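Open the model in your viewer and keep the selection panel at hand.

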2 protein chains.
Amino acid sequence: MAKNTNVSLSVIKRLPRYYRFLGDLLQNGIHRISSKELAEIMNLTASQIRQDLNCFGGFGQQGYGYNVAALHGEIANILGLESGFKTILLGAGNLGRAITTHMNFEEKGFRLVGVFDSSPNVVGGTVRDFVVQHTDALGTFCGEYQPVVAILCIPKESAGELVPKLIDYGIKAFWNFSHFDINSAQYPNVVVENVHLGDSMMTLSYQVKELVNPPVKE
Amino acid sequence: MAKNTNVSLSVIKRLPRYYRFLGDLLQNGIHRISSKELAEIMNLTASQIRQDLNCFGGFGQQGYGYNVAALHGEIANILGLESGFKTILLGAGNLGRAITTHMNFEEKGFRLVGVFDSSPNVVGGTVRDFVVQHTDALGTFCGEYQPVVAILCIPKESAGELVPKLIDYGIKAFWNFSHFDINSAQYPNVVVENVHLGDSMMTLSYQVKELVNPPVKE
C-alpha cells in the first residue's frame, strides 16, 4: 500500500485515538465500518476521517467502508507498536512506579529493561519485576543493553544533570514527565514527547475559571 | 491592565510554560528580563513571546523589558491558579495514588476534597490524608461538598458509567486519564482536559521509529 512518508505530526498525534476506537470495534466483533459511522462514534466528521486516513494510502472502499482489522493493523505498523524499543525509566517515586506498573509498554512500541533512581531508600527495592538500580550504574548498563528510550520521572534538577549524560550513553528519545525542557536546538537528533502534568492542570484551571466565572463582556 | 477575553486556547496552553520559566527566574533572583533573553531561555523567538504576551495587554516596556514578578503574577491570575476549585479524584490505583501524592493541587488552581474507588480492597484505606470512599457515596458527597472538578484515574468502562452521574451531581470539569472519550457535543457545558498517556506513548513510538529506521525515500 502506498504510504506518504511526509505525514505531519498533527495527523500522527491523532492516530492513537483511531487505533483505540478501532480496537474497541474489533473487540465488539465489528469488522467493517463506514467513515460516517466511525465519524459518529469518534465525534469527528466523515471528511476529517477520510482526510486523515488518506495520508496513508486510503483503506476505505467506496460503498464498503473500512475493513476494521486491516486499518487497525496498518495504524499499528505506522506507529511502530511492535518495535519493542528498549526503554529505561528514571525515578522510582510515586509517578515512576505508577508508569512502570500502569502502562502496557509492549503494546505501545516499547520494552522496559531497567528502572533507576538515586535515592538510597529506593535503590535495591523492586518495582514490578525490576530491581531499582542506582543512576551511577547508567553508563555501564547502557553500554551493555543499549536502550534507546528514557522515561524521566525525576525532578527538574536531576533531569538537567542526567539528560546530557543519557544522550552520551546513546539514548535517542525521551518520554519526559520532568519539568526540565530538553532543548531541541541543542539536541536536534533526539526526539522528546513531553507530558507536563502541571501544565495540563493549569490549562484546566483556566478553562474551569472561564466556565464558572465567565469574564464580563464590556 | 486591559485584558483580551478572546484569547485562543493555543495561547492559553503555552502560558503554564511561561509561568514555570518566570518562576525559575524569580527563584534565581532575576526581576527583569528582555523578550530577547526570555526567548533564548525558552527556546522561542522574541517576536513569539511579544505576540503571546500582548494578548493580555502587554507587560513589557520598551527599553526595560518585562518585570518578572508582575508578569508571573498576572499569568497566575489569568490561569486562575488561586481559585482552589474543589476537586475529587476517582480511582485510587497506582496512577490515582501518584496523582494524589505527586501533584501540588493548591498551586495549580485546585483543592482536593475527596478520593473515591469502587474496589473493596482499596475503599477505607488512605492516600495522602484522604480516606478512600466508595463511589456509591458520590451523590451524597457531591450534594454536601459541591466539588466542580473530577480527576478520572479509572478504567474506561467505569468512566463511561460514572461520567453522566458526575455531571448530574454538578461536576463541570474533568481531568481525564481514562480512555473514555467524554463527548463534547453531548456535554457542551463541561470542560475536559485529556491526558492520554497511552496515546502519548504511541506518538513517541512513531517518532522513535522514524528516527531509528527512517523510511527509504523513493
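Select chain B and chain A together: about 6,100 Å² is buried between them, and carbon and sulfur atoms give 67% of that area. Buried area here is the accessible area (1.4 Å probe) that two parts lose on being put together, summed over both. This is a predicted model, in which local features need pLDDT of at least 70 and side-chain atom pairs count only at pLDDT 80 or more, while totals for chains, interfaces and linings use all residues. Residues are numbered from 1 along each chain as its sequence is written, chains are lettered from A and ligands numbered from 1 in the order in which they are written, and side-chain values use heavy atoms, with hydrogens and water left out.

Next, colour the residues at the interface: 64 residues of chain B are in contact with 65 residues of chain A, where contact means heavy atoms within 4.5 Å. Between the two chains there are eight salt bridges, each a side-chain nitrogen of Lys or Arg within 4 Å of a carboxyl oxygen of Asp or Glu. To view a salt bridge, select Asp199(A) and Arg20(B), whose side chains meet at 2.9 Å, N to O.

Which elements of chain B each supply at least two residues of the side that touches chain A? Select helix 1 (9-27), helix 4 (68-79), helix 5 (94-102), strand 9 (173-176), strand 10 (191-194) and helix 8 (197-212) of chain B; helices (H or I, at least four residues) and strands (E, at least two) are DSSP runs, numbered from the N terminus. Helix 8 of chain B gives the most to this side, with 14 residues.

Now move to chain A and select helix 2 (residues 35-42) and helix 3 (residues 46-54), whose axes come within 8 Å and cross at roughly 105°. These two helices of chain A are therefore roughly perpendicular to each other, a label for angles of 65 to 115 degrees. Show the side chains of Ser35(A), Lys36(A), Leu38(A) and Ala39(A) in helix 2 of chain A, which make the contact with Ala46(A), Ile49(A) and Arg50(A) in helix 3 of chain A.

Finally, in chain B, select helix 2 (residues 35-42) and helix 3 (residues 46-54), which pack at an angle of about 105° with their axes 8 Å apart.

Definitions and conventions: Axes fitted to C-alpha atoms, helices over the stretch in contact; angles between N-to-C directions. Parallel < 35°, antiparallel > 145°, perpendicular 65-115°, else oblique.
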